[in-house]
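Good morning, everyone, and thank you for coming.

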Amino acid sequence: MILDYEDIYIHQGDHLVLKNVNFQVAEGEMIYLTGSVGSGKTSLMKTIYGELPCIGKKAEVMGISLLKIKPKETPALRRKLGIVFQDFKLMPDRTVHHNLDFILRATGWDNKEKREKRIQEVMDQVKLVDKLKKYPYELSGGEQQRVSIARAILNKPKLILADEPTGNLDPENGELILALLDEIRRQNHTALIISTHNLTWPQYFPGTIYRFEEGLMKKENE
């Protein structure tokens, strides 16, 4: 399993957000997290990349125990994940190339030729090779999100977390982003967890659906 949670509880301060979370994700699996704002979808994702603690019986991501992880070990965990945010989180004062190169250098890619090759590879995957010298503000919202996907897959993660990746996009660009994520999932056999309010996506890109309500995470059709 890429991810394995058993009887997990998640708090925000003194507030219990989710209880009795049992959640397993296999390699290459497509997962949707659905529910209203504040129902716990983002809180769950934050536990996966170590921003929010959790307690319970078992919480492992790629063999790393989230119940025992120390703060200094969190960066190493995040290097194993790909994370796509609703608001892109690109550095606005740096070119697309610099945004990507910064991540590679920060994660130990010391060889410049290898960095350049990897940047070309991921930008080819998202079909934006001609935008490397552009700044984020020179790109459309859809293009910025494709760059953020390129950034997320730089280190060939086995798990991608996408928190409302189409939330700031029009329906047409949203569908293009979902299609791109699904293609990357299938090509690389990468597990993909998507938080979304759009309940039409599973009709086009099938996957397992979990609903969040009243502090519980429930697998649909169970």
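Predicted model: local features only at pLDDT ≥ 70, side-chain atom pairs only at ≥ 80, totals over all residues.

Leu 100 belongs to the largest nonpolar core, which has 34 residues, and together with Tyr 32, Met 123, Ile 149 and Ile 194 it touches the most other members. Which elements each supply at least two residues of this core? They are the strands β3 (30-35), β7 (159-163) and β8 (191-195), along with the helices α3 (96-106), α4 (112-125), α5 (141-152) and α6 (171-188). The element that gives the most is α6, with 5 residues. There is also a second, separate core of 31 residues, and among its members are Ile 2, Ile 8, Ile 48 and Ile 83.

Let me now stay with α6 for a moment. This helix has 18 residues and reaches 26 Å from its first C-alpha to its last, which is close to the 26 Å expected at 1.5 Å a residue. At its N-terminal end sits a cap, Asp 170, with a side-chain oxygen 3.1 Å from the backbone nitrogen of Glu 172, while after the helix comes His 189, whose phi is positive, near 55 degrees. Several residues of α6 are buried, including Gly 174, Ile 177, Leu 178 and Leu 181, and also Asp 182 and Arg 185. What covers the buried residues of α6? The cover includes β3, α4, α5, β7, β8 and α7 (201-204).

Finally, we come to the sheet, which is open and is formed by 6 strands in the order β6-β7-β8-β3-β9-β10, with mixed pairing. Its edge strands, each pairing on one side only, are β6 (81-84) and β10 (216-219). From one strand to the next, the twist averages 20 degrees. As a reminder, strands of a sheet pair through backbone hydrogen bonds, and they may do so either parallel or antiparallel. Strand β9 (residues 208-213) and β10 run antiparallel and are joined by 4 bridges, and Phe 212 stands opposite Met 217 in β10. Across β3, β6, β7, β8, β9 and β10 lies helix α1 (residues 41-48), which runs at about 150 degrees to β7.

Note on methods:
Residues numbered from 1 in each chain as written. Heavy atoms only, no water. Core = buried A, V, L, I, M, F, W, Y, C linked by side-chain atoms within 4.5 Å. Buried < 20%, exposed > 50% of the residue type's maximum accessible area, 1.4 Å probe, protein only. Expected span 1.5 Å × (residues − 1). Contact = heavy atoms within 4.5 Å. Polar contact = N/O pair within 3.5 Å; in protein donor to acceptor, adjacent residues only side chain to side chain. Pairing = 2+ DSSP bridges. Axes fitted to C-alpha atoms, helices over the stretch in contact; angles between N-to-C directions.
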